[in-house]
Amino acid sequence: MGRQLAREHRIEADIVVPVPDSGNCAALGYSLESGIPFEMAFVRNHYVGRSFLQPSQLIRDFDVRVKLNLIEELVKDKRVIVVDDSIVRGTTSKTRVNNLKEAGAKEVHVLVSCPPHMNPCVYGIDFPDRNKLMAASHSREEIRKYLNADSLNYLSQEGMVKATGLPANSFCMACYDGKYPVAFDPAVDKHIIERRNGRLPGFATATAGERAQIKLL
């Protein structure tokens, strides 16, 4: 996918930097295909989990601040391509771009090794609310400005599938194109099921409809 990203989006830059660990493979592929040097400028704190999975924005913001440390000497006065596997809410990406610019990067170009997440996942991945997906309500240019990046580009859906070497019908791509392969009940989401199983607090504050669904399940 990183190689395909380089074929679709050729950018003049000095280094390619992954957001570890999710962007490592795609950034390496981009570097190999483009010939731009690969640098691990971000060092990840492995004691912090996925920031976008945290239950509140306050916790997500805190996790983002302590999740990665930047080696400033590698990016100062450089044109930097930063590669990640996705942008969901945009919190992490914005912080990383600002970190790079504060460290002296001349330009920061954000590349994403998948298409924009436009639709919620109803099958269990933790972005069930479309309102929390940045790409669902903002244009690419609006997202670029929010991130404070010099450019922003995503891998095309066709390119993503091509990179796998498998036919498109091998995959669920509902979060990109809204075509859900398995029917689902919109009244029952993963949070209702988690509350039923005791993994998520909130039964007492759930709506009457949600409580009825929980009891039925």
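1. Aromatic pairs. The whole structure, a predicted model, contains 2 aromatic pairs (rings of Phe, Tyr and Trp, the last by its six-membered ring, with centres within 6.5 Å; planes under 30 degrees apart are stacked, over 60 edge-to-face, and the rest tilted). Tyr 123 and Tyr 180 have ring centres 6.3 Å apart and planes at 70°, so this pair is edge-to-face. The pair joins distant parts of the chain, its two residues being 57 residues apart. Tyr 123 sits in the loop between strand E5 (107-112) and helix H5 (134-137), and Tyr 180 in the loop between helix H8 (174-177) and helix H9 (190-196). Helices (H or I, at least four residues) and strands (E, at least two) are DSSP runs, numbered from the N terminus.

2. Relative accessibility is 37% for Tyr 123, 25% for Tyr 180 and 38% for Phe 184. Each value counts as partly exposed, because buried means under 20% relative accessible area, exposed over 50%, and partly exposed in between (1.4 Å probe, protein chains only). Tyr 123, Val 182 and Phe 184 make a nonpolar surface patch of about 280 Å². Such a patch takes residues with over 30% relative accessible area and no salt bridge, nonpolar side chains (Val, Leu, Ile, Met, Phe, Trp, Tyr) being joined within 5 Å. A salt bridge is a side-chain nitrogen of Lys or Arg within 4 Å of a carboxyl oxygen of Asp or Glu. Areas are from the Shrake-Rupley method with a 1.4 Å probe.

3. Cysteines. A search of the whole structure gives 0 disulfides (cysteine sulfur pairs within 2.5 Å). For Cys 114, the nearest cysteine sulfur is that of Cys 175, 7.3 Å away. Cys 172 also has the sulfur of Cys 175 as its nearest, at 6.5 Å. Cys 114 is buried at 4% relative accessible area, whereas Cys 172 is partly exposed at 42%.

4. Helix H4. Gly 104, which follows H4, has a positive phi near 105°.

5. Basis. Residues are numbered from 1 along each chain as its sequence is written, and side-chain values use heavy atoms, without hydrogens or water. Local features need pLDDT of at least 70 and side-chain atom pairs 80 or more, while totals for chains, interfaces and linings use all residues.

Key. Patches are made of residues with over 30% relative accessible area and no salt bridge: like charges are joined within 9 Å, nonpolar side chains (Val, Leu, Ile, Met, Phe, Trp, Tyr) within 5 Å.
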